[in-house]
Each structure stands twice: as structure tokens, then as C-alpha cells.
Amino acid sequence: MRFDVSPMVEVVQSGRMLNSGRWRPPYREWYAEARARVRALDTQLLALLLPDRPFIADFLVARPGHASTIDEHLRAIAEYPADRLRDDLLVVWPDRRPPRLVELLADPVGASRRIADLLHGYWTLLIEPHWRRIHAVLRDDVAYRATRLASDGVDGMLADLHQELSVADGTLLIDKPRHKGALTANGRFQVDKIVISGGRLSLRRTEPTASKITGVVQLLRSGFWCCVGRCRAGSGRRWCRPASSAR
């Protein structure tokens, strides 16, 4: 099990909030500023990639390396296989195909580069000016989780992470009724990534290869868009802009 810091998760979750038209109190000033500045970008394409919908395209949160930077994330997106890009987008839009989606699917090879360029512009305008403080919050939470792991074990480390996560007898339990249809006969499926942001727990799963969940599970927290653990989230409510919880 590994905790990781992902700059692309910050892009994805902030963009989803921006496109939803609903801001949460800690981000009032950022939201107002972002609504004005984002007009310099292709907002229709951004809304297609980061809609307020149940699913997130896998290529947006794929982990390109051990110490992934925004440049590494964007490079991985630009080089993402065209067939997988198409499949990932259709998972997000299974019921209808907006005109911009049809346009993207007509040129999936060129689409990867266009998406990477757009997200680079979004990062530069709206996230990079705040990244130093965002990163400090995330690193602080990693240190907090490591301390809890050392003192209380895995159960204690996960106790205040999210209400849908728990551990019993060495098994990670996920209370996510929406995913019942994906379960195997014994009530399990393989998970390789868990993203917690904006109060939501999202899963990226793989096809089940064993009767028991094994291997590495990544737990990605977004300190900007959902503060660091339920019991510590009060410190985030004082923010109008992202800042380190150690400040």
C-alpha cells in the first residue's frame, strides 16, 4: 500500500468542480478567479474531459512513474494509446456523444496531444500558482498517515480517511453499493487505485485475477479539493485559497 501525491488529480478534481458550477466554501476566491481565467482556454473541450459525472477517464489519473510530475503526467497523456483513449472517454459518456466527443473520436491519435496541451494550459493558469502550498498540504498528510501506520497499524491509518473504507482481518473493505455489478462471485474485485477527493471515493479497478485482493493499492488524496482526513478537515474550512495545514 502506498500513498502518493498526484498533480493531475488536482487538475481533474478542480476542473470537475469548476465545470459543475457549484463551489464549496473553502474555494470561493479560487472559484471566482478561475471562472474568469478559464475563458482563455477551450472550455467546451474542458467540460467534455472533466464533466460532473460519475466516472473519470482512466488516462487522466494513470500513474506514469514513481515521482510523477505534471510534465510526466502530460507526456503520458500525449502518448496514450488511441484505442484506450476512445474506450476511456466512452466510459465517461456511455449514454450520449456530444459533438466535441464525436470530433475527438474521429482523430483519437491527435486527440491525445490536444488534451495534453489543454490540460497544460489549465495547470499553468489555475493550479501552478498555488501548487507549492497544495503540495505542502499533501506531503503533510503523507507524514500524518505514516505516523498513524507506525503507531496504530493499517486499521488506525485508514480509520479517519473515508467513511467508505475500513479494514478487517487484513482485508480492505469498500462500502460502495454502486459497484455491486462489478463484484465477483465471492464479493471481491481487483483494485489498483483509490482516489479520495471532494468527499467522494472513486475506484479504478482491474479484472479479477485472484480470489483475494492482492498487490499494491494506491491511495491518492487531493488536499486542495478535500482536506486531509475527516478529523482534520476543519483546518481547510478556513481557507479561501489553498495553503499548508501546518501554516
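This is a predicted model: local features need pLDDT of at least 70, side-chain atom pairs count only at pLDDT 80 or more; totals for chains, interfaces and linings use all residues.
I started with arginine 148, which sits in helix α9 (residues 131-158). Helices here are DSSP runs of H or I, at least four residues long, numbered from the N terminus.

Residues are numbered from 1 along each chain as its sequence is written, and side-chain values use heavy atoms, with hydrogens and water left out.

Is arginine 148 buried or exposed? I found arginine 148 buried, because its relative accessible area is 19% and the cut-off for buried is under 20% (1.4 Å probe, protein chains only). Next I checked its contacts (heavy atoms within 4.5 Å). Skipping neighbours within four places in sequence, arginine 148 is in contact with Gly153, Gly156, Met157, Ala159 and Asp160.

Then I went to helix α5 (residues 70-78), where Ile70, His73, Leu74, Ile77 and Ala78 are the buried residues. Looking down the axis of α5, I saw them fall within an arc of 135°, so they line one face of the helix. That arc is taken from the directions from the helix axis to the C-beta atoms. The cover over these buried residues includes α1 (7-20), α4 (58-61) and α8 (108-127).

Last, I looked up the largest nonpolar core: 48 residues, with Trp30, Phe59, Leu60, Leu119 and Tyr122 touching the most other members. Helix α8 gives the largest share of this core, nine residues. Such a core is a set of buried Ala, Val, Leu, Ile, Met, Phe, Trp, Tyr and Cys residues joined through side-chain atoms within 4.5 Å.

Note on methods: Helices (H or I, at least four residues) and strands (E, at least two) are DSSP runs, numbered from the N terminus. Buried means under 20% relative accessible area, exposed over 50%, partly exposed in between (1.4 Å probe, protein chains only).
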